[in-house]
Amino acid sequence: QVQLVESGGGLVQAGGSLRLSCAASGSDFSINTMGWYRQAPGNQREFVADITPGDSELYADSVKGRFIISRDNAKNTVYLQMNDLKPEDTAVYYCKLNYWRYESLYDSWGQGTQVTVSS
C-alpha cells in the first residue's frame, strides 16, 4: 500500500503564494500520474492539476497561469506552487497518486491540507 503525506497548506492573503508538497512512501510501486484536487465547503471535489511521468502538465482553467505543478521522481514527491491566490481558491487540497504495483494500476489519496485565502 502506498501512503501520501501532504504539507504546505495555511492561511494567506489574496495575491499571496503557497507551495504544497505531497510525498509518497511504500514498497514495490512505480509512480504514474500525480495530481492535485480540491474541495471547497458544499462543493464536489474538483480537478486542479496533474503531471505525467513524462512531465506533461494539465491544469484546470481556473488555475491556469497561476499554479504550477512539478514532481521530483527521486523523492516520490509532487508539488503545487500556487501564486496570485484568490479567495475562491480556499479549499481542502488533496493529492492523488496513480501508481503501478504488480502490473496493476491503483489510486491513492492524501489526507488533505487546508488552504485559506483571505480577501
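In this predicted model, the largest nonpolar core has 31 residues, of which W36, L80, M82 and Y93 touch the most other members. Two or more residues come from each of β3, β4 (30-39), β5 (46-51), β7, β8, β9 (91-101) and β11 (113-118). Strand β9 gives the largest share of this core, five residues.

**The open sheet**

- Four strands form an open sheet in the order β1-β3-β8-β7, and their pairing is antiparallel.
- Strands β1 (3-7) and β7 (67-72) are the edges of this sheet, each pairing on one side only.
- On average, neighbouring strands of the sheet are turned by 15° against each other, direction ignored.
- Six bridges join strand β3 (residues 18-25) to strand β8 (residues 77-82) in the antiparallel sense.
- R19 has Q81 of β8 standing opposite.

**T77 in strand β8**

- T77 is located in strand β8.
- T77 counts as buried because its relative accessibility is 7%, and the cut-off for buried is under 20%.
- A polar atom of the T77 side chain lies 2.8 Å from the backbone oxygen of K75.
- With residues up to four places away in sequence not counted, T77 touches C22, A23, M34, S70, R71 and D72.

- N76 belongs to the loop between β7 and β8 and, although not a glycine, has a positive phi near 50°.
- N76 has a relative accessibility of 25% and therefore counts as partly exposed, a class that lies between under 20% and over 50%.
- E103 is placed in the loop between β9 and β10 (104-109); E103 is likewise not a glycine, and its phi is positive at about 65°.
- E103 is exposed because its relative accessible area is 77%, the cut-off for this class being over 50%.

How values were computed: Residues numbered from 1 in each chain as written. Predicted model: local features only at pLDDT ≥ 70, side-chain atom pairs only at ≥ 80, totals over all residues. Heavy atoms only, no water. Pairing = 2+ DSSP bridges. Axes fitted to C-alpha atoms, helices over the stretch in contact; angles between N-to-C directions. Core = buried A, V, L, I, M, F, W, Y, C linked by side-chain atoms within 4.5 Å. Buried < 20%, exposed > 50% of the residue type's maximum accessible area, 1.4 Å probe, protein only. Polar contact = N/O pair within 3.5 Å; in protein donor to acceptor, adjacent residues only side chain to side chain. Contact = heavy atoms within 4.5 Å.
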